Amino acid sequence: QVQLVESGGGLVQAGGSLRLSCAASGLPLFNYRMGWFRQAPGKEREFVAVIGRAGIISRYTDSVKGRFTISRDNAKNTVYLQMNSLKPEDTAVYYCAATSLRGGMDEPMMRATNAYPHWGQGTQVAVSS
C-alpha cells in the first residue's frame, strides 16, 4: 500500500521560510519522479516543482523559481521542499505526489495532476503579510 505523508506546514510571516517533507512508504522512492503541487482556496491544484529519480534534475513553476528548492533523499524515502522568501500568494495546501512516468522533464505532462497516481493528504501553508 502506497502512502505519502507530508509534514512541515504552518503559519509564517511574509519573507519567512518553511521546509516541507514528504515521507513515502509502500514504494521504492528511487523508481519515482516526485512532485509538489499546491491548492489555494477556490483554485485548482497547480504544479510547483518536480524532481527526477536521481535528484539531479528539477523543474519549477515560474512563480517559485529562485525561492523554492526541491530535493530528495532516496535512502530515507523522503522528498523535501525548501521554501524561502515566502509570499502571501504562496498560501495553499501543499501536496506531494509520485509518478513512474518517464520522458522529458520539460514535457507538459510532468506538470499535470493526472500524471501522478499517488498523492499525500496535504499540509497547510499560510503566509501572513
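**Reading the disulfide and the sheet**

Modeller: Please keep in mind that this is a predicted model. We may begin with the disulfide.

Colleague: How many disulfides does a search of the whole structure find?

Modeller: In general, a disulfide is a covalent bond between the sulfur atoms of two cysteines. Here the search of the whole structure finds 1 disulfide. Cys22 is joined to Cys96, with an S to S distance of 2.0 Å.

Colleague: Which parts of the chain does the pair link?

Modeller: The pair connects distant parts of the chain, as Cys22 lies in strand β3 and Cys96 in strand β9 (residues 92-99), 74 residues apart.

Colleague: Are Cys22 and Cys96 buried or exposed?

Modeller: Both Cys22 and Cys96 are buried, a term that here stands for under 20% relative accessible area.

Colleague: Why is the disulfide of Cys22 and Cys96 called right-handed?

Modeller: The torsion about the S-S bond of Cys22 and Cys96 is about 50 degrees, and therefore the disulfide is right-handed.

Colleague: Let us turn to the sheet. In what order do the strands of the open sheet of 4 strands lie?

Modeller: The order is β1-β3-β8-β7, and the pairing is antiparallel. Strands β1 (3-7) and β7 (68-73) form the edges, each pairing on one side only. On average, neighbouring strands of this sheet are turned by 15 degrees against each other, direction ignored.

Colleague: Over how many bridges do β3 and β8 pair?

Modeller: Strand β3 (residues 18-25) pairs with strand β8 (residues 78-83) in the antiparallel sense over 6 bridges. As a case to locate, Leu20 has Leu81 in β8 as its bridge partner.

Conventions
Residues numbered from 1 in each chain as written. Predicted model: local features only at pLDDT ≥ 70, side-chain atom pairs only at ≥ 80, totals over all residues. Heavy atoms only, no water. Pairing = 2+ DSSP bridges. Helix = DSSP H or I, 4+ residues; strand = E, 2+ residues; numbered from the N terminus. Axes fitted to C-alpha atoms, helices over the stretch in contact; angles between N-to-C directions. Disulfide = S-S within 2.5 Å. Buried < 20%, exposed > 50% of the residue type's maximum accessible area, 1.4 Å probe, protein only.
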